[in-house]
Amino acid sequence: MGSPVRPYPIEHAFADGTPISFHPVQADRHFDVHTHPFHEIAYIAEGIGTLAAGRDAIPVAKGDLIFIPKDREHVFQPQKHSTLEVLNCLFKEEVLDPPQGLSGYLIFDDMAEITGMFRDCTDCIKVREQAGEFARLMYALKLELSWKQTGFRYKLYIYLMDMLTRIRQIAPLSAAPPRPAADPVQFAVDYIHKAYRNPMPLEEFCRSLGISSRQFQRRFKAETGRTYTQMLQDVRVRVSCDLLLDTDWSIQTVAQEVGLQDMKHFYRLFRERCAMTPHELRLQIGGESRPSPERRNHS
């Protein structure tokens with residue numbers, strides 16, 4: 001029995017000190033399993049096939065976006081008699097690190113919250129676009145790197161943060177919390193953003209943290225200015241706004257996708273936080289509302 005094939009290590013020359021790069025490829029059946037010391041976000045522009053990542057075999061097709069963490073062995077394998085056109089955003093690990101000495105500034109705290117999910121991630125994460133939004137971001141990256149006008153690195157970073165934010169919002173994550181961190185409040189904030197569809201009951205969640213519900217709620221309110229339930233509702237409404245603008249789903253489908261089955265409750269929360277109804281949001285920002293298809297799984 002022969003020894004297993006070791007993944008081929010790949011380096012990438014990030015030009016001009018820019019830690020974000022755009023790299024399109026045509027994946028055929030001759031690609032080798034490989035690894036690289038930088039993160040990758042791959043958008044499937046054409047074709048159908050599989051992403052083999054270790055023991056995982058992830059089906060991919062046009063419109064899929066996949067986060068591939070650094071050092072994860074992988075290879076795209078197109079379906080027989082086909083090729084995969086893959087648009088890759090490559091970025092160094094340092095891009096995910098929060099700026100040093102700037103904690104307390106809300107914009108940098110937001111960035112740290114967005115990137116936190118990906119800093120220690122070791123698994124590939126696949127999501128699917130609804131209205132060409134990932135294709136637009138990838139081509140925007142390509143144009144900025146082609147033009148390289150003043151401020152282009154800032155724009156690259158914003159486009160990357162946009163993709164990471166969208167992945168973070170719609171990634172299929174388990175509602176069961178991972179091992180608690182030292183800071184239960186920050187852990188809870190991260191958990192809410194990951195498991196807003198179907199979070200654990202608060203009492204059960206607190207038991208998993210080894211803290212009483214009363215003590216936890218008092219500390220959470222003191223540090224965030226919101227109750228646990230209020231923050232969960234805020235996240236659900238914010239995600240529902242994105243879905244209302246990025247998809248043509250019915251309002252009921254959007255409510256269900258963010259974990260709200262009671263439509264009266266959903267409308268009340270939405271109006272309280274947005275000062276308008278979901279339909280009014282679509283009319284004001286998204287143009288005329290479109291016909292709603294049958295429900296689809298957006299993950």
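1. The structure holds one cavity of 30 Å³ or more, where a cavity is a set of points on a 1 Å grid over the protein atoms alone at which a 1.4 Å probe fits but cannot get out. This is a predicted model, in which local features need pLDDT of at least 70 and side-chain atom pairs count only at pLDDT 80 or more, while totals for chains, interfaces and linings use all residues. Residues are numbered from 1 along each chain as its sequence is written, and side-chain values use heavy atoms, with hydrogens and water left out.

2. The largest cavity contains about 120 Å³ of space, a volume being the space filled by probe spheres set on grid points that are joined across faces, edges and corners. Its lining, meaning residues with an atom within 4 Å of a point, comprises 13 residues, and nearest the centre lie Glu133, Arg166, Ile170, Leu243 and Asp246. At least two lining residues come from each of α2 (133-147), α3 and α7, and α7 supplies the largest share, four residues; helices here are DSSP runs of H or I with at least four residues, strands are runs of E with at least two, and both are numbered from the N terminus. By residue type, the lining of the largest cavity divides into four nonpolar, four polar and five charged, with Ala, Val, Leu, Ile, Met, Phe, Trp, Tyr, Cys and Pro counted as nonpolar, Asp, Glu, Lys and Arg as charged, and the others, Gly among them, as polar.

3. The second largest pocket holds about 230 Å³ of space, a pocket being an open set of points with protein on both sides within 12 Å along at least five of seven lines. It is lined by 15 residues, of which Ile10, His23, Val25, His34 and Asn88 are the closest to its centre. Two or more lining residues are given by β2 (20-27) and by β9 (84-91), and β2 gives the most, with three residues. This lining is made up of seven nonpolar, six polar and two charged residues.

4. On helix α3, which covers residues 152-170 and contains Leu156, the end C-alpha atoms are 27 Å apart, in agreement with the 27 Å that its 19 residues should span at 1.5 Å a residue; the expected span is 1.5 Å times one less than the number of residues. The buried residues of α3 are Phe152, Leu156, Leu160, Met161, Met163, Leu164, Ile167, Arg168, Gln169 and Ile170, where buried means under 20% relative accessible area, exposed over 50% and partly exposed in between, for a 1.4 Å probe and protein chains only. Leu156 itself has a relative accessible area of 0% and is therefore buried.

5. Phe67 and Phe118 are edge-to-face, because their ring centres are 5.0 Å apart and their planes are at 65°. This pair joins distant parts of the chain, with Phe67 in strand β7 (residues 64-68) and Phe118 in helix α1 (residues 106-119), 51 residues apart. Phe67 counts as buried at 0% relative accessibility, and Phe118 is buried with a relative accessible area of 0%.

6. Tyr191 and Phe205 form a stacked pair, at 4.7 Å centre to centre and 20° between the planes. Tyr191 belongs to helix α4 (residues 184-195) and Phe205 to helix α5 (residues 202-209), 14 residues apart; Tyr191 counts as buried at 3% relative accessibility and Phe205 at 0%. Ring pairs also link Phe187, Tyr191, Phe205, Phe216, Phe220 and Tyr228 into a cluster. As for α4 itself, nine of its 12 residues are buried, including Phe187, Tyr191 and Ile192.

7. The largest nonpolar core has 36 residues, of which Ile192, Phe205, Phe216, Phe220, Tyr228 and Phe270 touch the most other members; such a core is a set of buried Ala, Val, Leu, Ile, Met, Phe, Trp, Tyr and Cys residues joined through side-chain atoms within 4.5 Å. At least two of its residues come from each of α4, α5, α6 (213-224), α7 (228-246), α8 (251-257) and α9 (263-274), and α7 provides the largest share, nine residues. A second, separate core of 33 residues includes Phe22, Leu65, Leu87 and Ala135.

Technical notes. Phe/Tyr/Trp six-rings, centres within 6.5 Å; stacked < 30°, edge-to-face > 60°.
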